[in-house]
2 protein chains.
Amino acid sequence: MIELIQPLVVPSESKIVLLSSDGLAGLPRPETGKSEMETARIPNLDRLAAQGACGLLRHVAPGITPGSGPGHLGLFGYDPLHYLVGRGVLEALGIEFDLRAGDVAARGNFCSVDDAGLITDRRAGRIPTDVCVRLVDRLRTIALPGVEILVEPVKEHRFVLVLRGAGLGGRLSETDPQVLGKPPLSVRALDAASERTAGLVNAFVDQARKLLADAAPANMVLLRGFDQLPDLPRFPEVFGLRAAAIAAYPMYRGLAKVVGMDVLKTGGTFADEVATLREHWQSYDFFFLHYKDTDKAGEDGDFDAKVAALERLDAAIPDIDALKPDVFVVSGDHASPSVLAGHGWQPVPVLIRSRYSGADPVTAFNERACAGGTLGIMPAQHLMPLVMANALRLTKFGA
Amino acid sequence: MIELIQPLVVPSESKIVLLSSDGLAGLPRPETGKSEMETARIPNLDRLAAQGACGLLRHVAPGITPGSGPGHLGLFGYDPLHYLVGRGVLEALGIEFDLRAGDVAARGNFCSVDDAGLITDRRAGRIPTDVCVRLVDRLRTIALPGVEILVEPVKEHRFVLVLRGAGLGGRLSETDPQVLGKPPLSVRALDAASERTAGLVNAFVDQARKLLADAAPANMVLLRGFDQLPDLPRFPEVFGLRAAAIAAYPMYRGLAKVVGMDVLKTGGTFADEVATLREHWQSYDFFFLHYKDTDKAGEDGDFDAKVAALERLDAAIPDIDALKPDVFVVSGDHASPSVLAGHGWQPVPVLIRSRYSGADPVTAFNERACAGGTLGIMPAQHLMPLVMANALRLTKFGA
């Protein structure tokens, strides 16, 4: 898709807002037969739906529940089955660690082992974050030849390990046996380019064991999700867009950074994000605007909170629309139905409102209504080409 | 798809019923403008459609009419363009022949040849089945070095030839020239691994000619559709399901067996099949339940009989639903429109009813209504991942 698009890109003055309401889609509550989107009073989103073209996005494949990485890569135009972001990388992005090309990142857990070295608690009793910070300081004393060792605390028992240096490989097996009563596993290289890295990681783990010997319950570490930054085509160059990301949450800033967007400094609320959008309106062609509250409520299994989050989002729509974007797109990175209390596989409503978005029968922004829209049910990575077309930023294909 | 799914499978207690109504989809009768499904009174199927998510399945590609092999492989989650089942294999499965890995199967016809050996009737005047049985006994006397020759009568002029032994190959050309006035062709090997087999088949045909010389009109044989059992990933392992097939007709039992399902003993009616389902409810996670009457009526070109078959199926739905499947799926393996009196290329209605199947506008189970459902028009092999998701048997993709 990206190879098809890039040669067709032409310049334009048009401005695009891609609003991603995280975990947007939901499921009906059995009592009413209505989903969160159908229950919420969202007149401004409904108006955009009525003005624009609607459909449903499928981010990976039917029945597949996307993680946040694949969900957003799809929205950004990348085939999430082709471009994978590992857990270690996502964890590093989630704390805004300045991960660089070639770095190998892993997610770490402090864990508990008994005198024989067998795991008794894979999360070390979820030690408080301040204990994690102190133990990470111990791990930072580890030095290994030819590589820089970077360790960052996350939350409770979690930390990020990054190896930085030339010639590292990220195809490594995990040390977490996923069960109690076994010792942590040695890391194995899954390709030849990762052989030396496997040896370094095993040496790190050996030293960590000694340094943590007296730190029970957090007297050992488990490492998983080893990966390097994927080598993604850069979004601004693929689409010829000065692209900015506005997101209060670090992981989404990180994902935008991975594809080469400028990440704008913003506050912690969605009102702050909209203010940031207004401030930078003249400086960019494309804005990725992220709204987290819908996902948070869905993951909490709180139907009413998700309805309320949708209504708060709706209230902010006029402020965004007042900037007169040529193309206003609203969708999400995956479903988070309250009845599932987690991510879901259900396709996600999408609307594209532009002068050229076309005659479309949909007049309400929800799962059921959007199923009848002219965009159909489409892979998420097909959205960006449609958005570009609506922005009059693509020339025709073939003579 | 199968490679994507398998690593995501997680255990669950959920139970799945996949009801395949053979040849389900139809076409409007010109007098009323309504299809068989639109004409039939099917309140129970309509209720499932209203409760669940609907769409249309396309088993091979737009405009392509599926045979029973590709139709069912698609329903089972296998790309029917990638996994092919040859006619010889299907014919053997259709008589419940115990075909084994490595066997080469062909469909045989008795035919008529004149004194010069030129074909005068490709079906030997459709000899009665009892004549076929007697002539097959003659063919069974044929012995060839290093290979076991198995011949089974089917119906009228048709029989199945199976070669069993080490090192056989199934890539062979056909002996049927498809026109009258020519002699049967010699078999040619289409790859090196089938060279010896080609020689054996030609020797079989030479001996058959001599053995049948006095048996006019069935004084010669034609062989086509040579193939071996495909090497399919096993359904129970791919999807982590204890899977059972319940089908009164041998070919569908055979197709289920090819993918590794347990084939349950059942009676000749759909009521018998439902009783079998009830008996084995605790022992399996997944039931493939096959209903043949819709296809039979469609292939007969009998619109009213197909309507009646649909109404009989509908009457059995409450008994199935009383078992409380977590996921209840209804679809078919292909269309059999009465106006075509045969298989058709039209997409086939599908419904998935589960607690998580989602907000969907469809309230009737027929071709026209399902076109507006949230499942869209999707390749049949995407159904199983969706079913697995609805059964909460898949974890998310990517971090």
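Residues are numbered from 1 along each chain as its sequence is written, and chains are lettered from A and ligands numbered from 1 in the order in which they are written. In this predicted model local features need pLDDT of at least 70 and side-chain atom pairs count only at pLDDT 80 or more, while totals for chains, interfaces and linings use all residues; side-chain values use heavy atoms, with hydrogens and water left out.

**The two chains together**

**Helix α3 of chain B**

Next select residues 43–51 of chain B, which form helix α3; helices (H or I, at least four residues) and strands (E, at least two) are DSSP runs, numbered from the N terminus. Its buried residues are Asn44(B), Leu45(B), Leu48(B) and Ala49(B), where buried means under 20% relative accessible area, exposed over 50% and partly exposed in between, with a 1.4 Å probe and protein chains only. These residues cover an arc of only 145 degrees around the axis, which puts them on the same side of α3(B); the arc is that of the directions from the helix axis to the C-beta atoms.

The axes of α3(B) and α12(B) come within 7 Å and cross at roughly 55 degrees; axes here are lines fitted to C-alpha atoms, for helices over the stretch in contact, and angles run from 0 to 180 degrees between N-to-C directions. That makes α3(B) oblique to α12(B), since angles under 35 degrees count as roughly parallel, over 145 as roughly antiparallel, 65 to 115 as roughly perpendicular and the rest as oblique. To see the contact itself, show Pro43(B), Asn44(B), Leu45(B), Arg47(B) and Leu48(B) of α3(B), which meet Leu313(B), Asp314(B), Ala315(B), Ile317(B), Pro318(B) and Asp321(B) of α12(B).

**Helix α4 of chain B**

Move on to helix α4, residues 68–75 of chain B, where 7 of the 8 residues are buried, so that the helix is largely enclosed by the rest of the structure. The buried ones are Ser68(B), Gly69(B), Gly71(B), His72(B), Leu73(B), Gly74(B) and Leu75(B). Just after α4(B), Gly77(B) takes a positive phi of about 100 degrees.

**Around Cys111 of chain B**

Select Cys111(B) in strand β3 (residues 104–113) of chain B, which is buried with a relative accessible area of 0%. Leaving aside residues up to four places away in sequence, Cys111(B) touches several residues, among them Asp121(B), Ala124(B), Pro217(B) and Met220(B). Two of these partners deserve a look at their backbone. Ala124(B), in the loop between β4 (119–121) and α6 (129–139) of chain B, has a positive phi of about 50 degrees although it is not a glycine, and is itself buried at 1% relative accessible area. Pro217(B), in the loop between α7 (195–211) and β7 (220–227) of chain B, is joined to Ala216(B) by a cis peptide bond with omega of about 10 degrees.

Then turn to Gln178(B), in the loop between β6 (158–164) and α7 of chain B; its phi is near 70 degrees, a positive value in a residue other than glycine, and at 42% relative accessibility Gln178(B) counts as partly exposed.

**Helix α10 of chain A**

Finish in chain A with helix α10 (residues 270–279), in which Phe270(A), Glu273(A), Val274(A), Thr276(A) and Leu277(A) are buried. They cover an arc of only 155 degrees around the axis, which puts them on the same side of α10(A), whereas Ala271(A) and Glu279(A) are exposed on the other side. The elements covering the buried residues include β1 (16–21), β8 (243–246), β10 (286–291) and α12 (303–321) of chain A.

Terms used:
Contact = heavy atoms within 4.5 Å.
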